[in-house]
Amino acid sequence: MSAAAVPARRPLTALTAVPLALVVGAGVAVALAGAGTHGFLVPIEYRGVRGWIDGPLAPLGIAVSRTAFAAELVVMTAGYVGVLALGDAVDERLVLIATGALHVLFGLAPPLLSTDVMSYVDYARLAAVHHLSPYRSAPWAAPHDVVFRFVHWRGTRSAYGPLFTAATWPLGLVSPVVALWVLKGAAALAGLACVGLVWRIARRLGRSPSFAAAAFGLNPVVVVWTVGGGHNDMLMLATLLGGVLLVLERRELGAGAAVLVALGIKATAGLALPFALLGSRRRGRLALGAALGAIAVVAVGYLGFSDHAVGLLDVLHKERLLISQQSVAHGVLRLLGLQEDARTRLALTAALAGSLVLLVLAAWRRRIGWVAAIGWALLAAVVTSTWTVPWYTIWPLPFAAAARDRRLLAATLALQASTLAYVVAGLAGA
Amino acid sequence: MARIRLPDAALALAGVVLLAATVRGIEAETAGHRVHEADAVAFLRYLGHSGGRYAHVYVHRVLDMPGRRVYRVCANHVAPGARRADYRVCGLVDRTTGAARVVAVRRFSLKDALPPLLGGVAS
């Protein structure tokens, strides 16, 4: 019987290999382009090209034009769509090898398409070197600092949770070189952890783990922007997914704590809490775990930054006032001939609140799975904000992939396609 | 005949809105690039050519108030024979009347902007 199964598998493996080869091949080209192209691909280097920013891939770097980079992205995306089209036929081993290779590669690439990782280093140095709270002082408070010139958001105080700020504090005591590459490595490891967790959650939910791992781990926005950029969204997602897995494994105390720890990294994760409560069998224990987690977050915030960490709420409010061209909310307002003002912002906030209420009701009545509901809630948060950057669009993705909610996956990928269309049009037209 | 489900129809409608918003947004961006190019030219014309050249000219819109459109334009100045920029100028271009008009220019030295400790980590 087993002899009959082998020939049936071979064509599928060969079929899987083609789109996977496209994703990996184009991914390698993008990473090497990042290592060889200063400026638009590594925006930190707008203010000075440095060998320590270029990183270990620098000797292999290939300088490319904006159009060539846009073409590489399109090929990578086409390969990714091809992998998704294969559905359950994707070969497990090949998916894991490709995912691992891309995460390592983009972990070693210079910080791509964002300067945020230098903001993390600057906030750590504000706290550790200059004895300033990053919740009260922006990078402008220490303009003589060695990393200041590489920071873009110079007038913005930290928008990150107290656990992330406290955990990165020691990075202010080491050289910026070490700090940068520790953060890049952490993003890559957290990305791999997310892939492993998505795999296990999908298996628990009775979905295809290899499809789920491929849908998240090979996604171009995940690897190029989020791992490549060294964003802390990966740390938040890994912790949140850990909490989801713990709920499924009926370890509610740890699950509640994990969700709150994720919130302590990035506040967005807090949206998952009501759905985790609905999904757990022992809600009291989950609530207790969340309460213990909340105590830990508040304690770290207070001990580390006194009451300054409350200033985070003000920064998050101001961030929602920002406008990016890629934002769906901004695009829809523009389509309707409206502008961002108090009324339209109130309408957007009401739309988010209404969506969350409807999702809680739907999850409560079991019309929608609670894991998918987390993804929908995160998608609603992105869509109703006038400030969207590419790496925000990955928030719903692991939940869409693990729960294999085809509508959520379609909506998330449509959002990413819109974002990538702006990027590609901007690169081709610049 | 297959029935169309309400959630799928809603998702399809949202997709159409997203597509329309994206196409409209990219059109606006492209038009913005053209405006930016005109502003960059006007800015460089205003700066004149007192020797050397201007490199790395970039423009981004900073104000879009009703009835008033002001853009920020920056350029690095490279002295004759030099390979690296010696100073950077930034200015505000007001396009309210349709014709670009430079309303303010700030000039600051790239050398002065270098943090004193940078040599410690720069390769």
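Me: A crossing of two helices is called right-handed if the near helix is turned clockwise from the far one by less than a right angle, and left-handed if it is turned anticlockwise. In which hand does H4(A) pass H7(A)?

Reply: The model is a predicted one. In it, the crossing of H4(A) over H7(A) is right-handed. On the side of H4(A), the contact involves A:Thr99, A:Gly100, A:His103, A:Val104, A:Phe106 and A:Gly107. On the side of H7(A), the residues are A:Lys184, A:Gly185, A:Ala187, A:Ala188, A:Gly191, A:Leu192 and A:Val195. Sorted by class, the contact of H4(A) with H7(A) comprises six nonpolar residues, six polar and one charged.

Me: At what angle do the axes of H4 and H7 of chain A cross?

Reply: As a general idea, a pair of packed helices is described by the angle between the axes and by the distance between them. Here, the axes of H4 (residues 92-108) and H7 (residues 176-204) of chain A come within 8 Å and cross at roughly 165 degrees. Angles over 145 degrees count as roughly antiparallel. H4(A) and H7(A) are therefore roughly antiparallel to each other.

Me: How does H7(A) pack with H8 of chain A, and at what angle?

Reply: H7(A) packs with H8(A), residues 209-217, at about 145 degrees, and the axes are 8 Å apart. This crossing of H7(A) and H8(A) is right-handed. H7(A) contributes A:Cys194, A:Val195, A:Val198, A:Trp199, A:Ala202 and A:Arg203 to the contact, and H8(A) contributes A:Pro209, A:Ala212, A:Ala213, A:Phe216 and A:Gly217. By class, nine of the residues in the contact of H7(A) with H8(A) are nonpolar, one is polar and one is charged.

Me: What span should the 13 residues of H5(A) have, at 1.5 Å a residue?

Reply: The expected span is 1.5 Å times one less than the number of residues. For H5 of chain A (residues 116-128) the expectation is 18 Å, and the end C-alpha atoms are 18 Å apart, which agrees. H11(A), with 14 residues, reaches 20 Å, close to the 20 Å expected. H13(A), residues 283-305, has 23 residues and reaches 32 Å, close to the expected 33 Å.

Me: How many residues of H5(A) are buried?

Reply: A residue counts as buried when 20 or more other C-beta atoms lie within 10 Å of its own. By that criterion H5(A) is mostly covered, with 12 of its 13 residues buried. Among them are A:Met118, A:Tyr120, A:Tyr123 and A:Leu126, and also the charged residues A:Asp116, A:Asp122 and A:Arg125. The cover over the buried residues of H5(A) includes H6 and H7 of chain A. H11(A) is likewise mostly covered, with 13 of its 14 residues buried.

Me: Which residues of H13(A) are buried?

Reply: The buried residues of H13(A) are A:Leu286, A:Gly289, A:Ala290, A:Gly293, A:Val297, A:Gly301 and A:Phe305. They pack against H6 (162-168), H11 (252-265) and H12 (273-279) of chain A. Just after H13(A), A:Ser306 takes a positive phi of about 55 degrees.

Me: What is the phi of A:Arg366, and what is that of A:Arg404?

Reply: In general, most residues other than glycine have a negative phi. A:Arg366 has a positive phi, near 60 degrees, and A:Arg404 has a positive phi near 50 degrees. A:Arg366 lies in the loop between H16 (342-364) and H17 (370-383) of chain A. A:Arg404 lies in the loop between H18 (397-403) and H19 (406-429) of chain A.

Me: Is A:Arg404 buried or exposed?

Reply: A:Arg404 is buried, since 21 other C-beta atoms lie within 10 Å. A:Arg366, by contrast, has 9 other C-beta atoms within 10 Å and is exposed.

Me: Where is A:Ser114 found, and with which residues is it in contact beyond its neighbours within four places in sequence?

Reply: A:Ser114 sits in the loop between H4 and H5 of chain A. A:Ser114 counts as buried because it has 21 C-beta neighbours inside 10 Å. Leaving aside neighbours within four places in sequence, A:Ser114 is in contact with A:Pro43, A:Gly229 and A:His231.

Me: What pattern does chain B follow along the sequence?

Reply: Chain B has two helices and four strands, in the order α-β-β-β-β-α. Of its 123 residues, 12% are buried.

Key
Residues are numbered from 1 along each chain as its sequence is written. Chains are lettered from A and ligands numbered from 1 in the order in which they are written. This is a predicted model: local features need pLDDT of at least 70, side-chain atom pairs count only at pLDDT 80 or more; totals for chains, interfaces and linings use all residues. Two residues are in contact if their C-beta atoms, placed from the backbone, lie within 7 Å. Axes are lines fitted to C-alpha atoms, for helices over the stretch in contact, and angles run from 0 to 180 degrees between N-to-C directions. Angles under 35 degrees count as roughly parallel, over 145 as roughly antiparallel, 65 to 115 as roughly perpendicular and the rest as oblique.
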